[in-house]
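Have your viewer ready and follow along.

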Amino acid sequence: MKSSWRALSLSISAACVVALPVLCATAHPRQLTAGDYARAEQFMPYDTTPLVDDEVESVHWLPGDRFWYLEHDARGDHYRVMDARSGQSAAAFNRAKLAAALGNAINTVLDPARLGITAIQISHGHLALTRGSKHFTCQLSGMGRCVLAPQPRGSSREPGILSPNGKLLAFIRGWNLWVRTVASGRERQLTFDGIKNFGYATHNAGWIHGARPVLDWSPNSREIATYQQDQRKVGDMYLVSAVVGHPRLEKWKYPLPGDRHVFLIEPVVIHVASRTVVRLHLPPEQRLSSLCDELSCGNTGRWDDLQWAGDSRTLALVSTSRDRRHEWFRIADARTGAVRTVFEESVSTYYHSGIGAVDWRYLAHSDQALWYSERNNWGNLYLYSLATGRLEHPVTTGKGDVTQVLHIDRASGEVWFRAVGRTPGINPYYEQLWKVNLQGGTPTLLTPQDCDNVVTMSPDGRYFVDSCSTPRRAPVTTLRDADTGRIIATVARARLKRLRAIGWRPPQQIVVKGRDGRTNLYGLLFKPTDFDPHKRYPLIDYIYPGPQVGSVSTFRFEPSRFDDQSLAELGFIVVAIDGMGTPYRSARFHHLWYGDMGDNTLPDQIAAIRELARRYPWIDLGRVGIWGHSGGGDATADALLRYPDFFKVGWAESGNQDNRDYENDWGEKYQGLLVRAAGGRTNYDNQANELLAAQLRGHLMLTYGTLDDNVPPENTEILIQALIKANRDFDMIAIPNVRHDYGYATPYVTVRRWDYFVRHLAGNIPPAHFALRPWPWG
C-alpha cells in the first residue's frame with residue numbers, strides 16, 4: 001500500500017507540472033486555523049492604522065497664518081495648532097477639559113483620547129468645532145462650557161451649501177431652491193417653478209444621487225449659480241428591498257448608453273435678495289463634467305465646471321459634448337444671462353480637464369483663462385486670451401502630467417501646481433510641487449525629494465504643508481515657504497515602532513514591462529511575513545482597470561492597502577499593478593484602449609505576472625488568481641472568461657459586466673456613443689462579458705448588493721443568466737439590502753473571499769465560521 005500510495009502521489013505531481021497546477025496544492029491540503037486568519041486580520045487597516053504614531057492625518061488652515069492638524073499616538077488623538085511665521089506648535093486645547101465640557105453639553109461621557117472632532121475654528125476666545133453631525137461653541141478660557149448649536153428644521157434631510165460669508169445656507173425643498181439664515185433659522189424660497197423631475201440644483205447623476213444641492217455661490221454671497229435639471233423623460237432604475245412583508249420599491253432616474261433621453265440642465269443665476277432667476281442664454285445641455293462622471297467631482301456640492309469672477313459680475317463655465325470629445329469655454333453675464341463662447345477644443349478620444357481635479361481657471365482680473373490640455377501627449381497648462389479667444393502661449397511644456405493647480409498669485413502671476421513624471425529617475429507616480437509664471441519659462445521644483453508629496457497650501461499662497469512618503473517610508477510632514485520650498489519647521493515624523501512590533505513589513509515596489517515589452521509598469525508586491533524563498537506561492541492579482549485610477553491608487557505610504565497583506569499572510573503573493581489605460585503617465589498610455597473597454601489592462605497584467613515569475617522562482621505561474629470590486633469586478637470576470645488558461649480563480653464584486661447596463665456618461669466617455677449595426681451587433685460587444693460566458697473554465701465567484709444604486713444588480717445578473725445558459729459552473733453571493741460598498745456584510749464577504757482563494761487557488765482548507773470584527777467605520 002505504501003508503494004502504491006507513493007506511485008499515486010508521483011502521478012499526481014507529474015499531472016500538476018504538466019496540466020493541472022492547482023491539483024498540486026490539493027494533493028496534500030493544509031488545514032488553516034482560526035489563528036492563521038486572526039494573524040491575517042492583524043494587517044487589516046483598522047488594526048494597522050492606529051499603530052502609526054505621529055502621522056499628520058489632516059491639515060486645516062486658520063486665519064492669521066496658522067493651521068490646525070490632527071496626529072495620533074498610543075495616548076490617542078492630539079489636536080495641535082502651528083504658527084506658520086514662527087514654526088512653533090502647541091495643543092489646540094486641553095483634551096480632558098474639552099471632553100468634559102462636550103460631554104456635559106450632550107449628557108454623554110466622552111473619551112479625551114478619542115474626541116472625533118472633524119472641524120475647528122478659533123476666534124475671539126471661542127472654539128467652534130464639529131463632532132459628527134453636531135456643532136458646538138466652547139469658551140477657550142478655562143474650557144469650562146460648550147454649547148450645542150441648534151439644528152435648523154429639516155437640516156438633516158435637507159443638507160445645504162453655505163455662502164462665503166457664512167450667513168446663508170442654500171438647500172433643496174420640493175424641487176425648488178431655498179435659503180436659510182444661519183443665525184435665525186429663517187427660511188426663504190428662491191425658485192417657484194421647480195416640479196418633480198424638473199427641479200433646481202438636482203443632485204442626480206444616475207449612479208450617484210442625493211438630497212444635497214449642486215451650486216456655486218458668488219464671492220459676494222448675493223447670487224447662486226446652478227441649473228434646472230430636466231429628467232422627466234429619462235428612463236427609470238428600480239431596486240427592491242428584502243424585508244418581512246411587502247418589499248419597498250426604489251425608483252429613480254438613471255440613463256443608459258444609447259438612450260435618447262438623458263439628463264439635461266439649463267444653467268441659471270439666482271439673485272438671492274430679489275429672488276430673480278436669470279437663465280443663461282444657452283440651449284439645454286447634457287449634465288456632464290469635463291473631468292469625472294458627476295458635476296461635483298469631489299462630492300462637495302460645488303459645480304466644478306463653473307467659476308465666478310472676483311467681482312461677482314460674470315462667471316465662466318465649460319460645456320461638454322455627449323461623446324466627451326468637444327469642450328466649449330464660455331463667459332456669462334450674471335445680470336443679463338448673455339453668454340459668449342471664447343474658445344473650444346476637440347480631441348479624437350475623450351477630453352478631461354485634469355487628473356486630481358478640474359484644472360482650468362477663469363482669470364477675470366487679467367482677461368485670461370488657464371486651460372488644461374493633452375495636445376502634446378501630456379497634461380499641460382495653456383494661457384488663453386478672453387478678449388480674442390486665441391492661445392497666448394503654453395504655461396507648462398514637456399513630459400509629465402499636471403495633476404492639480406493649487407494656487408495662482410494674481411500680483412506675481414505665479415502658479416503652484418502638483419505634477420508627476422517631470423523628474424527623471426524617480427517613480428513617475430510620485431507627485432511633486434512646482435511653481436511657474438503664467439508667462440511660461442522653466443518651472444521651479446519646490447519638493448525635490450524622492451517621494452510622493454501631499455501638499456496643503458495656505459489660502460494666501462505664502463506657505464504649504466508637505467507630507468513626504470513612499471510605500472516603504474513613513475510620512476515626514478514639514479511646513480515650507482511657498483516661494484523657495486525652504487523648510488520652516490518639521491511638523492511631525494511618523495513612527496512605525498508599534499506597527500513593526502506586530503511583524504509588519506512594507507510592500508515591495510516593482511517595475512515590469514507592459515504588453516509591448518517596452519513600457520515600464522509600476523506596482524506593489526506583498527509577501528507573507530513568514531516568507532520562505534524556497535517555497536512556491538500562488539499569486540493573486542488585485543485589479544482596478546481604470547480608466548480614472550489604477551490598481552495601486554497611490555504610491556504614498558499606507559500601513560495597509562485594504563486586505564492585500566492579509567491575503568498574503570494566508571500563503572499568497574499579492575500584486576497590484578497599474579496597467580496601460582490608467583492615468584498619470586501620458587495621453588497615449590491613458591487612452592490606449594479607448595473604444596475597447598474589454599481590454600481592462602489584462603494584457604499588461606499577464607505580461608507583468610509572467611515577468612515576475614521569471615524573475616522570482618517562488619511565484620507559481622500555474623496558480624494565478626484575480627479579484628476586484630466595481631470596475632475591478634468587471635475586469636476579474638473578463639479575465640476568467642477571456643484568458644481561462646492563465647487566470648484560474650476569480651472573485652468579482654459588483655462589476656459593470658456590460659456597460660450598456662451602466663450609467664451612460666461612463667460608457668459613452670470611454671467606449672464611445674452606442675452604435676447599433678445590422679443583426680443586433682453593437683460597438684459595445686467587445687466589452688460585454690456575457691458574450692464570453694461559454695469560455696469559463698476556472699472558479700469564478702460573482703457577488704453584488706441587491707440595493708446597489710451605483711452598479712445596479714442586473715449588471716451581474718445578465719452574466720449569471722449567460723453562464724446558466726452556457727451550462728457553466730460558477731458561484732455567487734447576492735447580498736440583501738446593501739449598496740455598492742456592502743455595508744454590514746463587508747466583513748463576511750471579505751472572509752468568504754479569503755476562503756475562496758485558500759480553497760480553490762492554494763488548495764488548502766479554510767477554518768470554519770471565522771468572523772472578522774465589524775468595520776469600525778460602519
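## Cavities

In this predicted model, the largest cavity has a volume of about 80 Å³. Its lining is made of 13 residues, and those nearest its centre are Ala205, Phe263, Arg287, Asn664 and Asp665. Across the whole structure, the search turns up six cavities of 30 Å³ or more.

## The second largest pocket

If you are browsing for open space, take a look at the second largest pocket, with a volume of about 990 Å³. There are 25 residues in its lining, and Arg302, Gln307, Arg361, Val405 and Leu406 lie nearest the centre.

Which elements give two or more residues to this lining? They are β23 (306-308), β27 (361-363) and β31 (401-408). Of these, β31 gives the most, with five residues.

## A covered strand and its two partners

Strand β25 (residues 326-333) is mostly covered, with seven of its eight residues buried. On one side of the pairing list is β24 (residues 314-320), antiparallel to β25 over seven bridges; here Ala316 has Ile331 of β25 as its bridge partner. The hairpin of β24 and β25 has five residues between the strands, and Arg324 takes a positive phi near 65 degrees there.

β25 also runs antiparallel to β26 (residues 339-346), again through seven bridges. His326 finds its bridge partner in Ser346 of β26. These two strands form a hairpin as well, with five residues between them, and Gly337 in the turn has a positive phi of about 85 degrees.

## An open four-stranded sheet

Elsewhere, four strands make an open sheet in the order β5-β6-β7-β8, with antiparallel pairing. The edges are β5 (117-123) and β8 (146-148); each has a single partner strand, so one side of each is left without a neighbour in the sheet. From one strand to the next, the twist averages 20 degrees.

For β5, the partner is β6 (residues 126-131), joined to it by six bridges in the antiparallel sense.

## Nonpolar cores

The largest nonpolar core holds 97 residues, and Phe572, Leu612, Phe647, Leu702 and Phe757 touch the most other members. What does Leu702 touch, not counting residues up to four places away in sequence? Its contacts include Ala637, Ala652, Leu719, Ile720, Leu723, Phe730, Met732 and Ile733, along with Gln657, Thr716 and Asp731.

In soluble globular proteins, nonpolar side chains tend to be buried together.

Conventions:
Residues are numbered from 1 along each chain as its sequence is written. This is a predicted model: local features need pLDDT of at least 70, side-chain atom pairs count only at pLDDT 80 or more; totals for chains, interfaces and linings use all residues. Side-chain values use heavy atoms; hydrogens and water are left out. Two strands pair if DSSP finds at least two bridges between them. Axes are lines fitted to C-alpha atoms, for helices over the stretch in contact, and angles run from 0 to 180 degrees between N-to-C directions. A nonpolar core is a set of buried Ala, Val, Leu, Ile, Met, Phe, Trp, Tyr and Cys residues joined through side-chain atoms within 4.5 Å. Buried means under 20% relative accessible area, exposed over 50%, partly exposed in between (1.4 Å probe, protein chains only). Contact means heavy atoms within 4.5 Å. On a 1 Å grid over the protein atoms alone, a cavity is a set of points where a 1.4 Å probe fits but cannot get out, and a pocket is an open set with protein on both sides within 12 Å along at least five of seven lines; lining residues have an atom within 4 Å of a point. Grid points are joined across faces, edges and corners, and a volume is the space filled by probe spheres set on the points.
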